[in-house]
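Here are a few exercises on charged pairs and a helix end. Grab the viewer and work through them one at a time.

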Amino acid sequence: MEIKQWKDVLHIVSGKNQKAVENPNGKYPIYGSGGLMGYADDYLCEAGTTIVGRKGTINRPIFVPEPFWNIDTAFGVVPDKELDPKYLYYFCVHFNFMPLDKSTGRPSLAKSDLLKIEMPVPPLPEQERIVARIEELFSQLDAGVETLKKTKAQLAVYRQAVLKEAFEDCIDSVTMGSVATMIDPQPSHRTPPEFENGIPYIGIGDIDYTGKTIRFKDARKVNPVVYEEHLQRYTLLEGDFVMGKIGTIGKPFRLPLPQNYTLSANVILIQPDAEKINPEYLFWQFSSPLITEQLMEGKNETSQPAFGIQKARLLQIKMCSPEAQDRIVYDIREKISVCENIEQTVTLTLQQAEAMRQSILKDAFEGRL
């Protein structure tokens, strides 16, 4: 395949401010580097143009099958007659634009650098054949990915069914506050100032629920004095967990030891009383629909969800004998373990599917498809 520079086979349309043409009822879509932004009464790019970000999202091309207006963060890459529009688009998906980013802050590209990009340009019939083959393989891949995503969704439903069923035979109930100490970790809702090389200040946003870890490296750091103040309020123990109280409320997370971090104001610390309840039994019940339904009662759909510590203490917890609690915990572990193993396999397969997508494109533009 003959190799040609972009300047010889396409032209690039720079974006413009959309204010003069913006209209919610307009005929033409408005695109930025991140995607659709609105509608306009006029257009800058013809149908079949590929968007490549000038600033911001520079490595996620978008194919637009209709005329559109592009704003100044997005280049319109328009093929000349010897290029099939979809062939150009798939090349852009395959191409890594990041090495062309010369900025020191927000990623950005220069038109002059883009026009120097080299790409294989076979005759049009061959381009069309390559596009058809890419789309055939992508279609098969997408079908597999859709099945995997459905499996993942079904596993989430199964997990909740397991947790709900686990506690159905527990008849008695008590309040959360009677079996656990509940603490607002940060007495003041004023966020402490940043402190270089300080102690990690952990909130809900720092928790990776999928990986079951805390992102300590990226967390806000605060003065060790704050840590000492928190140590006077609570000492973390095995089995302690937190719940979010703002935004995504509930969603418990078991805290790792040792206690070399402090907790922010957007969580409630829950410390189960091991003499009254199996800490793991309480954690799993807190993960179940039994608690989720209580947390959602009275939620205002027009405002950000919030749940105070006083309400949390009044949550109803199902109780049974210590022996029954141990048996329930064992059964949950067994079933959830199987579920998590399948989830890990599905997640890995999804990652492999994305790698395969890039492999298909690599073969396509190296003449092996």
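**Exercise 1.** Find the closest N and O atoms of E354 and R357, and say how far apart they are.

*Solution.* They sit 3.6 Å apart, which makes a salt bridge (a side-chain nitrogen of Lys or Arg within 4 Å of a carboxyl oxygen of Asp or Glu). An α-helix has 3.6 residues a turn, so residues three or four places apart point the same way. Finally, R357 is buried at 15% relative accessible area, while E354 is partly exposed at 43% (buried is under 20%, exposed over 50%, partly exposed in between, with a 1.4 Å probe and protein chains only).

A quick note on the source: this is a predicted model, where local features need pLDDT of at least 70 and side-chain atom pairs count only at pLDDT 80 or more, though totals for chains, interfaces and linings use all residues. Residues are numbered from 1 along each chain as its sequence is written, and side-chain values use heavy atoms, leaving out hydrogens and water.

**Exercise 2.** Which parts does the salt bridge between E135 and K86 tie together?

*Solution.* Start with the contact: the closest N and O atoms of E135 and K86 are 2.9 Å apart. E135 lies in helix α4 (residues 124-166) and K86 in helix α2, so the bridge links parts 49 residues apart in sequence.

Key
Helix = DSSP H or I, 4+ residues; strand = E, 2+ residues; numbered from the N terminus.
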